[in-house]
Amino acid sequence: MAVSCANSNLFAEYIGAQGLGVKFSDVPINSDVEFHFICSFAIDYSVATTPPTPTNGEFGIFWDTENLSPDAVFAIKQDNSNVKVAVSLGGATVNGADVYFSATSVDSWVSNAVSSLTTIIQEYSLDGIDIDYEKFSDENDTDMFTECIGQLITILKANGVILFASIAPFADPPVQSMYQALWQRYSSVIDYVNFQFYGYDDQTTVDQYVEYFDEQVSNYPEGNILASFMTENTNGQISADTGLSACEELKSQDKLFGIFIWSADDSLQEGFTYEIQSQELLAS
(Lines give C-alpha, C1' and ligand atoms only; values in the text may rest on other atoms or scores of the structure.)
Protein backbone atom coordinates (compact mmCIF):
# COMPACT_ATOMS: atom_id res chain seq x y z
CA MET A 1 0.00 0.00 0.00
CA ALA A 2 1.29 3.45 -0.89
CA VAL A 3 1.72 5.48 2.28
CA SER A 4 0.42 9.05 2.09
CA CYS A 5 3.09 11.67 1.58
CA ALA A 6 2.01 15.14 2.68
CA ASN A 7 2.89 18.27 0.72
CA SER A 8 3.69 16.47 -2.51
CA ASN A 9 3.51 18.28 -5.85
CA LEU A 10 0.93 16.36 -7.87
CA PHE A 11 -1.46 18.47 -9.93
CA ALA A 12 -4.24 16.84 -11.95
CA GLU A 13 -6.93 18.26 -14.21
CA TYR A 14 -9.94 16.71 -15.89
CA ILE A 15 -10.26 17.70 -19.53
CA GLY A 16 -12.44 17.14 -22.58
CA ALA A 17 -15.84 16.28 -21.10
CA GLN A 18 -17.72 19.32 -22.34
CA GLY A 19 -16.54 19.64 -25.93
CA LEU A 20 -15.58 23.29 -25.53
CA GLY A 21 -12.47 22.96 -27.69
CA VAL A 22 -9.82 23.06 -24.95
CA LYS A 23 -6.47 21.58 -25.92
CA PHE A 24 -3.72 20.12 -23.73
CA SER A 25 -1.45 22.89 -24.97
CA ASP A 26 -3.88 25.58 -23.74
CA VAL A 27 -3.28 24.65 -20.10
CA PRO A 28 -0.27 26.26 -18.36
CA ILE A 29 2.11 23.55 -17.11
CA ASN A 30 4.57 24.30 -14.32
CA SER A 31 7.71 22.23 -14.84
CA ASP A 32 8.16 21.88 -11.06
CA VAL A 33 5.01 19.80 -10.52
CA GLU A 34 3.95 16.31 -11.54
CA PHE A 35 1.10 17.04 -13.96
CA HIS A 36 -1.69 14.59 -14.84
CA PHE A 37 -4.30 15.31 -17.49
CA ILE A 38 -7.41 13.13 -17.04
CA CYS A 39 -9.42 12.66 -20.25
CA SER A 40 -13.13 12.58 -19.48
CA PHE A 41 -14.62 10.08 -20.14
CA ALA A 42 -14.47 6.49 -21.37
CA ILE A 43 -17.88 4.94 -20.69
CA ASP A 44 -19.23 1.40 -21.00
CA TYR A 45 -22.48 2.54 -22.59
CA SER A 46 -23.86 2.46 -26.11
CA VAL A 47 -25.51 5.57 -27.55
CA ALA A 48 -26.90 3.58 -30.46
CA THR A 49 -30.07 3.23 -28.37
CA THR A 50 -32.36 5.82 -26.80
CA PRO A 51 -31.82 6.06 -23.91
CA PRO A 52 -28.18 4.86 -23.92
CA THR A 53 -27.68 1.34 -22.54
CA PRO A 54 -24.84 -0.24 -20.53
CA THR A 55 -22.45 -2.53 -22.39
CA ASN A 56 -21.01 -4.65 -19.54
CA GLY A 57 -17.45 -3.32 -19.64
CA GLU A 58 -17.18 -2.58 -23.37
CA PHE A 59 -15.77 0.95 -23.13
CA GLY A 60 -16.02 3.63 -25.78
CA ILE A 61 -14.46 7.10 -25.94
CA PHE A 62 -16.65 10.08 -25.04
CA TRP A 63 -14.07 12.86 -24.62
CA ASP A 64 -13.26 15.51 -27.25
CA THR A 65 -11.11 13.37 -29.54
CA GLU A 66 -10.82 16.12 -32.15
CA ASN A 67 -8.73 18.28 -29.83
CA LEU A 68 -7.45 15.55 -27.51
CA SER A 69 -6.25 13.07 -30.11
CA PRO A 70 -3.46 10.46 -29.92
CA ASP A 71 -1.16 12.94 -31.67
CA ALA A 72 -2.06 15.62 -29.11
CA VAL A 73 -1.28 13.23 -26.24
CA PHE A 74 2.07 12.38 -27.81
CA ALA A 75 2.92 16.06 -28.38
CA ILE A 76 2.11 17.29 -24.87
CA LYS A 77 4.12 14.46 -23.30
CA GLN A 78 6.98 15.02 -25.73
CA ASP A 79 7.10 18.73 -24.87
CA ASN A 80 6.69 18.28 -21.10
CA SER A 81 8.58 15.47 -19.39
CA ASN A 82 6.52 15.98 -16.20
CA VAL A 83 3.17 15.29 -17.91
CA LYS A 84 1.21 12.04 -17.84
CA VAL A 85 -2.24 11.47 -19.31
CA ALA A 86 -4.98 9.24 -17.87
CA VAL A 87 -8.57 8.40 -18.71
CA SER A 88 -11.51 8.63 -16.33
CA LEU A 89 -14.10 5.87 -16.42
CA GLY A 90 -17.82 6.38 -15.89
CA GLY A 91 -18.77 9.92 -15.01
CA ALA A 92 -22.29 11.14 -14.28
CA THR A 93 -24.11 11.24 -17.63
CA VAL A 94 -23.88 10.29 -21.29
CA ASN A 95 -26.02 12.12 -23.87
CA GLY A 96 -28.08 13.50 -21.00
CA ALA A 97 -28.81 10.09 -19.45
CA ASP A 98 -27.46 8.93 -16.10
CA VAL A 99 -24.47 6.58 -16.18
CA TYR A 100 -24.70 3.60 -13.83
CA PHE A 101 -22.10 1.02 -12.97
CA SER A 102 -23.77 -2.14 -14.26
CA ALA A 103 -22.13 -5.54 -14.67
CA THR A 104 -23.62 -8.86 -15.75
CA SER A 105 -20.92 -10.77 -13.86
CA VAL A 106 -17.46 -10.07 -12.52
CA ASP A 107 -15.70 -12.30 -15.05
CA SER A 108 -17.51 -10.97 -18.13
CA TRP A 109 -17.24 -7.30 -17.11
CA VAL A 110 -13.54 -7.57 -16.27
CA SER A 111 -12.76 -9.45 -19.49
CA ASN A 112 -14.58 -6.86 -21.62
CA ALA A 113 -13.11 -3.91 -19.70
CA VAL A 114 -9.52 -5.16 -19.87
CA SER A 115 -9.81 -5.76 -23.61
CA SER A 116 -11.57 -2.52 -24.58
CA LEU A 117 -9.54 -0.27 -22.27
CA THR A 118 -6.22 -1.81 -23.29
CA THR A 119 -7.05 -0.90 -26.89
CA ILE A 120 -7.94 2.69 -25.96
CA ILE A 121 -4.99 3.17 -23.61
CA GLN A 122 -2.47 1.86 -26.11
CA GLU A 123 -3.94 3.85 -29.01
CA TYR A 124 -3.70 7.08 -27.00
CA SER A 125 -0.46 6.26 -25.13
CA LEU A 126 -2.18 6.84 -21.80
CA ASP A 127 -0.54 6.27 -18.43
CA GLY A 128 -3.35 5.62 -15.98
CA ILE A 129 -7.05 5.27 -15.23
CA ASP A 130 -9.37 7.11 -12.88
CA ILE A 131 -12.55 5.49 -11.52
CA ASP A 132 -15.44 7.96 -11.45
CA TYR A 133 -18.64 5.93 -11.37
CA GLU A 134 -21.19 7.98 -9.43
CA LYS A 135 -24.36 5.85 -9.67
CA PHE A 136 -24.88 2.11 -9.31
CA SER A 137 -27.54 -0.22 -10.70
CA ASP A 138 -27.52 -2.04 -7.35
CA GLU A 139 -26.46 0.23 -4.48
CA ASN A 140 -26.27 -2.73 -2.09
CA ASP A 141 -23.91 -4.89 -4.17
CA THR A 142 -20.53 -3.56 -3.09
CA ASP A 143 -18.88 -6.90 -3.91
CA MET A 144 -19.62 -6.63 -7.65
CA PHE A 145 -18.18 -3.11 -7.91
CA THR A 146 -15.22 -3.96 -5.71
CA GLU A 147 -14.21 -7.07 -7.63
CA CYS A 148 -14.81 -5.61 -11.09
CA ILE A 149 -12.82 -2.44 -10.46
CA GLY A 150 -10.19 -4.04 -8.24
CA GLN A 151 -9.48 -6.82 -10.72
CA LEU A 152 -9.46 -4.38 -13.64
CA ILE A 153 -6.80 -2.19 -12.04
CA THR A 154 -4.78 -5.21 -10.89
CA ILE A 155 -4.74 -6.79 -14.36
CA LEU A 156 -3.97 -3.56 -16.24
CA LYS A 157 -1.04 -2.92 -13.91
CA ALA A 158 0.21 -6.51 -14.09
CA ASN A 159 0.06 -6.35 -17.90
CA GLY A 160 2.08 -3.11 -17.92
CA VAL A 161 -0.81 -1.24 -19.56
CA ILE A 162 -1.05 1.48 -16.86
CA LEU A 163 1.35 3.02 -14.36
CA PHE A 164 -1.19 4.39 -11.88
CA ALA A 165 -4.84 4.38 -10.88
CA SER A 166 -7.04 6.77 -8.95
CA ILE A 167 -10.57 6.77 -7.59
CA ALA A 168 -12.92 9.77 -7.44
CA PRO A 169 -15.52 9.35 -4.68
CA PHE A 170 -17.57 12.10 -3.02
CA ALA A 171 -19.64 12.59 0.13
CA ASP A 172 -22.71 10.54 -0.76
CA PRO A 173 -23.53 7.44 1.32
CA PRO A 174 -23.99 4.93 -1.55
CA VAL A 175 -20.90 6.28 -3.30
CA GLN A 176 -18.80 6.13 -0.15
CA SER A 177 -19.94 2.59 0.65
CA MET A 178 -18.81 1.43 -2.79
CA TYR A 179 -15.45 3.16 -2.80
CA GLN A 180 -14.60 2.37 0.82
CA ALA A 181 -15.34 -1.32 0.18
CA LEU A 182 -13.08 -1.12 -2.89
CA TRP A 183 -10.41 0.61 -0.82
CA GLN A 184 -10.56 -1.96 1.94
CA ARG A 185 -9.83 -4.78 -0.48
CA TYR A 186 -7.73 -3.18 -3.22
CA SER A 187 -5.99 -0.11 -1.76
CA SER A 188 -2.62 -1.67 -2.64
CA VAL A 189 -3.24 -1.01 -6.36
CA ILE A 190 -4.87 2.44 -5.97
CA ASP A 191 -2.35 5.28 -6.07
CA TYR A 192 -4.50 8.39 -5.55
CA VAL A 193 -7.88 9.37 -4.11
CA ASN A 194 -9.29 12.23 -6.18
CA PHE A 195 -11.97 13.12 -3.65
CA GLN A 196 -14.60 15.53 -5.01
CA PHE A 197 -14.51 18.10 -2.21
CA TYR A 198 -16.29 20.58 -4.50
CA GLY A 199 -19.45 18.55 -3.90
CA TYR A 200 -19.93 20.31 -0.54
CA ASP A 201 -22.16 23.40 -0.46
CA ASP A 202 -21.09 27.01 -0.97
CA GLN A 203 -21.47 27.82 2.75
CA THR A 204 -18.46 25.61 3.50
CA THR A 205 -15.64 27.51 5.20
CA VAL A 206 -11.94 26.82 4.86
CA ASP A 207 -11.89 25.30 8.35
CA GLN A 208 -14.80 23.02 7.47
CA TYR A 209 -13.05 22.00 4.25
CA VAL A 210 -10.02 20.94 6.30
CA GLU A 211 -12.34 18.95 8.60
CA TYR A 212 -13.84 17.21 5.55
CA PHE A 213 -10.33 16.46 4.31
CA ASP A 214 -9.37 14.93 7.65
CA GLU A 215 -12.54 12.82 7.53
CA GLN A 216 -11.50 11.35 4.18
CA VAL A 217 -8.04 10.60 5.52
CA SER A 218 -9.86 8.36 8.01
CA ASN A 219 -12.13 6.88 5.35
CA TYR A 220 -9.21 6.03 3.02
CA PRO A 221 -6.39 5.27 5.48
CA GLU A 222 -2.85 5.66 4.14
CA GLY A 223 -4.27 6.99 0.87
CA ASN A 224 -2.75 9.79 -1.17
CA ILE A 225 -5.74 12.13 -1.04
CA LEU A 226 -5.86 15.12 -3.37
CA ALA A 227 -7.65 18.34 -2.45
CA SER A 228 -9.94 19.65 -5.17
CA PHE A 229 -12.18 22.40 -6.44
CA MET A 230 -14.08 23.26 -9.61
CA THR A 231 -13.77 26.29 -11.88
CA GLU A 232 -17.23 26.09 -13.45
CA ASN A 233 -20.24 28.04 -12.21
CA THR A 234 -20.63 26.17 -8.94
CA ASN A 235 -24.45 26.32 -8.57
CA GLY A 236 -24.40 26.24 -4.79
CA GLN A 237 -21.16 24.33 -4.39
CA ILE A 238 -17.77 25.37 -2.99
CA SER A 239 -16.22 28.21 -4.96
CA ALA A 240 -12.78 28.00 -6.54
CA ASP A 241 -11.57 30.77 -4.19
CA THR A 242 -12.61 28.78 -1.11
CA GLY A 243 -11.07 25.63 -2.56
CA LEU A 244 -7.75 27.31 -3.27
CA SER A 245 -7.69 28.91 0.19
CA ALA A 246 -8.33 25.49 1.70
CA CYS A 247 -5.42 24.07 -0.29
CA GLU A 248 -3.20 26.83 1.12
CA GLU A 249 -4.32 25.94 4.65
CA LEU A 250 -3.72 22.23 4.05
CA LYS A 251 -0.24 23.05 2.77
CA SER A 252 0.49 25.05 5.92
CA GLN A 253 -0.56 22.02 7.98
CA ASP A 254 1.69 19.70 5.94
CA LYS A 255 -1.32 17.76 4.63
CA LEU A 256 -1.43 18.72 0.94
CA PHE A 257 -0.43 15.75 -1.21
CA GLY A 258 -1.78 17.32 -4.38
CA ILE A 259 -4.60 19.22 -6.06
CA PHE A 260 -7.00 18.41 -8.86
CA ILE A 261 -9.36 20.73 -10.71
CA TRP A 262 -12.62 20.12 -12.53
CA SER A 263 -12.12 21.18 -15.26
CA ALA A 264 -9.86 22.60 -17.99
CA ASP A 265 -12.93 23.05 -20.20
CA ASP A 266 -14.40 25.53 -17.71
CA SER A 267 -11.08 27.28 -17.09
CA LEU A 268 -10.49 28.03 -20.77
CA GLN A 269 -12.41 31.30 -20.81
CA GLU A 270 -10.96 32.68 -17.58
CA GLY A 271 -7.35 32.06 -18.55
CA PHE A 272 -6.45 29.20 -16.19
CA THR A 273 -5.83 31.55 -13.25
CA TYR A 274 -6.51 28.84 -10.66
CA GLU A 275 -4.36 26.29 -12.46
CA ILE A 276 -1.42 28.69 -12.36
CA GLN A 277 -1.93 29.50 -8.68
CA SER A 278 -2.44 25.86 -7.67
CA GLN A 279 0.74 24.72 -9.39
CA GLU A 280 2.71 27.59 -7.86
CA LEU A 281 1.44 26.53 -4.43
CA LEU A 282 2.47 22.92 -5.01
CA ALA A 283 5.87 23.89 -6.39
CA SER A 284 6.69 26.30 -3.57
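The largest pocket has a volume of about 490 Å³. The model is predicted. A search of the whole structure also finds 1 cavity of 30 Å³ or more, and 22 aromatic pairs are present.

**Largest pocket**

- The lining of the largest pocket is made up of 26 residues. Those that lie nearest the centre are F41, A92, D132, E134 and W262.
- Strand 2 and strand 7 (93-94) are the elements that give two or more residues to this lining.
- Strand 2 provides the largest share of the pocket lining, with 3 residues.
- Sorted by class, the pocket lining has 12 nonpolar, 11 polar and 3 charged residues.

**Largest cavity**

- Rolling a probe the size of a water molecule over the atoms shows where empty space is left.
- The volume of the largest cavity is about 60 Å³.
- The residues that line the largest cavity are L10, A12, H36, I38, A86, D130, F164, S166, Y192, N194 and L226.
- At least two lining residues of the largest cavity come from each of strand 1 (10-15), strand 2 (34-43), strand 10 (164-167) and strand 11 (192-194).
- By class, the lining of the largest cavity divides into 7 nonpolar, 3 polar and 1 charged.

**Aromatic pairs and cluster**

- The structure holds 22 aromatic pairs. In one of them, the ring centres of Y14 and W262 are 5.5 Å apart and the planes are at 50°, so this pair is tilted.
- Because Y14 is in strand 1 and W262 is in strand 13 (residues 258-262), the pair ties together parts that are 248 residues apart in sequence.
- Y14 and W262 are both buried.
- W183 and Y220 also form an aromatic pair, with 5.9 Å centre to centre and 85° between the planes, and this pair is edge-to-face.
- W183 belongs to helix 4 (residues 173-186) and Y220 to the loop between helix 5 (206-219) and strand 12, so their pair ties together parts that are 37 residues apart in sequence.
- W183 and Y220 are both buried.
- One aromatic cluster is formed by F59, F101, W109, Y133, F136, F145 and Y179.

**Y45**

- Strand 3 (residues 45-46) contains Y45.
- Y45 has a relative accessible area of 8%, so it is buried, the cut-off being under 20%.
- Leaving out residues up to four places away in sequence, Y45 touches P52, T53, P54, T55, E58, F62, V94, D98, V99 and Y100.
- Between Y45 and D265 there are 220 residues in sequence and 23 Å in space, C-alpha to C-alpha.

**S228**

- S228 is part of strand 12 (residues 225-230).
- The relative accessibility of S228 is 1%, so S228 counts as buried.
- A polar atom of the S228 side chain lies 3.0 Å from the backbone nitrogen of F197.
- F197 is also one of the residues that S228 touches, together with F195, Q196, Y198, Y209 and F260, when residues up to four places away in sequence are not counted.

**Cis peptide bonds**

- T50 and P51 are joined by a cis peptide bond with omega of about -5°.
- P51 is placed in the loop between strand 3 and strand 4 (53-54).
- A cis peptide bond also joins W262 and S263, with omega of about 0°. W262 is among the residues nearest the centre of the largest pocket.
- S263 sits in the loop between strand 13 and helix 7 (264-267).

- S125 is not a glycine, yet its phi is positive, near 55°.
- The position of S125 is in the loop between helix 2 (106-124) and strand 9 (128-133).
- With a relative accessible area of 38%, S125 is partly exposed.
- E222, which is not a glycine either, has a positive phi of about 65°.
- E222 is located in the loop between helix 5 and strand 12.
- The relative accessibility of E222 is 45%, so E222 counts as partly exposed.

Terms used: Residues numbered from 1 in each chain as written. Predicted model: local features only at pLDDT ≥ 70, side-chain atom pairs only at ≥ 80, totals over all residues. Heavy atoms only, no water. Helix = DSSP H or I, 4+ residues; strand = E, 2+ residues; numbered from the N terminus. Buried < 20%, exposed > 50% of the residue type's maximum accessible area, 1.4 Å probe, protein only. Contact = heavy atoms within 4.5 Å. 1 Å grid on protein atoms, 1.4 Å probe; cavity = no way out; pocket = protein on both sides within 12 Å on 5 of 7 lines; lining within 4 Å. Points joined across faces, edges and corners; volume = space filled by probe spheres on them. Nonpolar A, V, L, I, M, F, W, Y, C, P; charged D, E, K, R; others polar. Polar contact = N/O pair within 3.5 Å; in protein donor to acceptor, adjacent residues only side chain to side chain. Phe/Tyr/Trp six-rings, centres within 6.5 Å; stacked < 30°, edge-to-face > 60°.
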